[in-house]
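Please read it beside the sequence and the model shown here.

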Amino acid sequence: MKFTKMQGCGNDYVYVNGFAEQIPQEKKPEIVRRLSDRHFGIGGDGVIFINPADNADFEMEMYNADGTRSQMCGNGIRCVAKFVYDKGLTDSTQITIVSGGSVKYLDLTVEKTKESGDRGSVSAVRVNMGSPILEPKQIPVVADGECAIDVPIEVEGREYRMTCVSMGNPHAVVFMKGVSDLEIEKIGPYFEHHERFPERVNTEFVEILDRQTVNMRVWERGTGETLACGTGCCATAVACILNGYTDNAVTVKLLGGELRIEWDTEANVVYMTGPAVTVFEGEIML
């Protein structure tokens with residue numbers, strides 16, 4: 001099977017062209033676990049299959065490293081956009097991609113280099129991530145009221161304050177100081193598997209730097225700590241704005257780079273802008 005390794009801000013996945021590679025659906029979870037293994041496989045935060053779609057230009061079929069399905073990945077969808085343009089599956093710089101039943105609209109920035117020639121290659125992507133979901137039952141999170149904004153949660157005997165947002169997948173945003181020193185590998189799993197999150201949760205630990213900038217680390221369900229999480233950055237920006245900590249445009253600093261997030265509150269649409277990079281390509285025996 002041929003594959004392409006790509007990353008957005010260090011959030012790396014193995015990408016498979018579903019137009020050319022026909023993998024039986026029931027075998028995909030096992031294959032994903034093998035490919036994602038950083039010692040015995042290719043290595044990545046998961047695997048993304050790029051497929052034909054009826055209601056969009058392409059489908060992003062995404063799996064976490066543990067073989068479970070995921071609905072959306074902001075860094076992953078930017079890399080899908082780069083893949084389909086650079087591989088000649090589309091000539092358009094404005095495309096649609098469906099993932100987890102939700103269609104996203106993407107604008108591609110194309111730059112010409114010696115390697116890419118006159119056609120150029122994608123260097124950055126702006127994604128219309130749609131509207132944030134704040135109703136607890138739809139996130140889902142067990143919480144009272146119409147929204148879960150700055151609500152308490154007890155984890156391992158300590159009370160935290162969280163703001164919960166779905167960007168197609170569930171997020172709990174926790175504001176704190178000293179994020180860089182956080183022992184995330186210890187606390188992350190307790191948030192992920194907490195009883196208040198019936199479908200588990202991605203947890204963002206966020207430190208406010210100023211009105212336009214935050215520092216974030218993320219524990220992703222099914223994967224662990226990653227260098228970046230695009231939907232997590234979107235959820236973080238929404239949470240920052242809801243709590244009055246930042247302006248409506250936020251630069252989110254991550255272990256793997258930076259993403260620019262804007263929430264147009266009048267239209268209720270979140271935009272994410274960031275890089276997409278091809279690391280290497282290869283072929284692996286299944």
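Is Cys9 buried or exposed? In this predicted model, Cys9 is buried, its relative accessible area being 4%.

**Cysteines**

- The count of disulfides is zero.
- Cys9 takes part in no disulfide: the nearest cysteine sulfur belongs to Cys233 and lies 7.3 Å away, whereas a disulfide requires sulfur atoms within 2.5 Å.
- Cys240 is likewise in no disulfide, and for this residue the nearest cysteine sulfur, again that of Cys233, is 10 Å away.
- Cys240 is buried because its relative accessible area, 0%, falls under the 20% cut-off.

- Asn75 belongs to helix α2, which spans residues 74-86.
- With a relative accessible area of 0%, Asn75 is buried.
- The side chain of Asn75 is joined to that of Arg78 by a polar contact of 2.8 Å.
- Leaving aside residues up to four places away in sequence, Asn75 touches Gly8, Cys9, Asn11, Tyr15, Ala228, Cys229, Gly230 and Leu259.
- Cys9, one of these contacts of Asn75, is itself buried.

**Largest pocket**

- The largest pocket holds about 170 Å³ of space.
- Its lining consists of Lys2, Phe3, Thr4, Tyr15, Asn17, Ala20, Glu21, Phe83, Lys87, Leu89, Glu281 and Gly282.
- Strands β1 (2-8), β2 (11-17) and β18 (277-283) are the elements that each give two or more residues to this lining.
- Strand β1 supplies the largest share, three residues.
- By class, five of the lining residues are nonpolar, three are polar and four are charged.
- Tyr15 is among the residues lining the pocket, and Tyr15 is also one of the residues that Asn75 touches.

**Largest cavity**

- One cavity of 30 Å³ or more is found in a search of the whole structure.
- The volume of the largest cavity is about 50 Å³.
- The residues lining the largest cavity are Met62, Asn64, Ser70, Met72, Cys73, Asn169, Asn202, Glu220, Cys229 and Thr231.
- Four residues of the cavity lining are nonpolar, five are polar and one is charged.
- Cys229 lines the cavity and is also touched by Asn75.

Key. Residues are numbered from 1 along each chain as its sequence is written. This is a predicted model: local features need pLDDT of at least 70, side-chain atom pairs count only at pLDDT 80 or more; totals for chains, interfaces and linings use all residues. Side-chain values use heavy atoms; hydrogens and water are left out. On a 1 Å grid over the protein atoms alone, a cavity is a set of points where a 1.4 Å probe fits but cannot get out, and a pocket is an open set with protein on both sides within 12 Å along at least five of seven lines; lining residues have an atom within 4 Å of a point. Grid points are joined across faces, edges and corners, and a volume is the space filled by probe spheres set on the points. Helices (H or I, at least four residues) and strands (E, at least two) are DSSP runs, numbered from the N terminus. Ala, Val, Leu, Ile, Met, Phe, Trp, Tyr, Cys and Pro count as nonpolar, Asp, Glu, Lys and Arg as charged, and the others, Gly among them, as polar. Buried means under 20% relative accessible area, exposed over 50%, partly exposed in between (1.4 Å probe, protein chains only). A polar contact is a pair of N or O atoms within 3.5 Å; within protein, one must be able to donate a hydrogen and the other to accept it, and residues adjacent in sequence count only if both atoms are side-chain atoms. Contact means heavy atoms within 4.5 Å.
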